[in-house]
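Subject: Structure for you, with notes on its aromatic rings

Hello,

Here is the structure I said I would pass on. Please look through it first and then read the notes.

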Amino acid sequence: MRDTSVSLSGVRLDNPVIPASGCFGFGYVMSEYYDLDILGSISIKGTTLSPRAGNPLPRVAECPEGLINSVGLQNPGVHKVVSEELPKLRKVFHKPVVANISGFSIDEYVEACRVIDGAEEVGIIELNVSCPNVHGGGMSFGTQPESVAEVVKAVKEVVTKPLYVKLTPNVTDIVKIACAAEDAGADGLCLINTLLGMRIDTKTRRPVVANKVGGFSGRAIFPVAVRMIWQVASAVNIPIIGCGGVSTADNVIEMMMAGATAVEVGSANLVNPYACKDIIEALPSRMEKLGIASLLDIIGAALPR
């Protein structure tokens, strides 16, 4: 019997596989495909304090081994998520969820996290710091250690549940950002968020997505994600949820060896709605072939000794 269970800041997961925010909606619509309770957890669609209509169309462009999206955090706002979306999910998923929260000011982050913290369905809050700071010149919170520390400290004062910070890879030194989050009190980290990408229509000579650039995700970014997780895991002492290009059970094992405790699966769900199910079902046999009795034994196995 292979042990696939892991723990994130006291939240036990039957396995490390979590559908990533933005690629699984609010979860319940996927229950028509399979029993969602086989999942370790679900990271729900990115949520903001107020409702957002999102960016203009077109929002998605295909790429070899990936895609570019510029959805713009379309969501009904945190109050409706708590009152309507999470109760719908609770009917088909009976485990703690990961709530992905975004904001455009410290006050927005604080209030949205305060509200979501009170939802019984939520086990972990995932702070998306890739948003532009509207009161700080428009630069993303996540690109400066000082900004990350400021928002983490402010949110930690109002929440009781574990706070994980989702880091952007679009920085010069992600280790410095990760250490700033840890020093400010983050309970864990999630990395990586999407890279910045662009496609141009050669017929119209114009960018394919209306926002011109967008988040680049998919299998092509997996080696970048593994490298950054390995670097960060070598420098921090808090758990990491790995994310970026995961599509197979072997990817999960590799990412965990780089230092991740759990793994989010993103774009693969858009190509194959059974992606997470397939990965979970394949994990025990891959563990057996690799001589792994428990996934806990391989977390950070590739880190410097």
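This is a predicted model: local features need pLDDT of at least 70, side-chain atom pairs count only at pLDDT 80 or more; totals for chains, interfaces and linings use all residues.

Residues are numbered from 1 along each chain as its sequence is written, and side-chain values use heavy atoms, with hydrogens and water left out.

A pair of aromatic rings is described by the distance of the centres and the angle of the planes. Rings of Phe, Tyr and Trp (its six-membered ring) pair if their centres lie within 6.5 Å; planes under 30 degrees apart count as stacked, over 60 as edge-to-face and the rest as tilted.

The structure holds three aromatic pairs. In one of them, Tyr 34 and Tyr 274, the ring centres are 6.2 Å apart and the planes stand at 40°, so this pair is tilted. Tyr 34 sits in the loop between β3 (17-19) and β4 (60-63), and Tyr 274 in the loop between α7 (268-271) and α8 (275-289), 240 residues apart. Helices (H or I, at least four residues) and strands (E, at least two) are DSSP runs, numbered from the N terminus. Tyr 34 is buried at 6% relative accessibility, while Tyr 274 is partly exposed at 34%. Buried means under 20% relative accessible area, exposed over 50%, and partly exposed in between (1.4 Å probe, protein chains only). Tyr 33, Tyr 34 and Tyr 274 form one aromatic cluster.

Tyr 109 and Phe 141 have ring centres 5.2 Å apart and planes at 85°, so they are edge-to-face. Tyr 109 is buried at 0%, and Phe 141 is buried at 1%.

Regards
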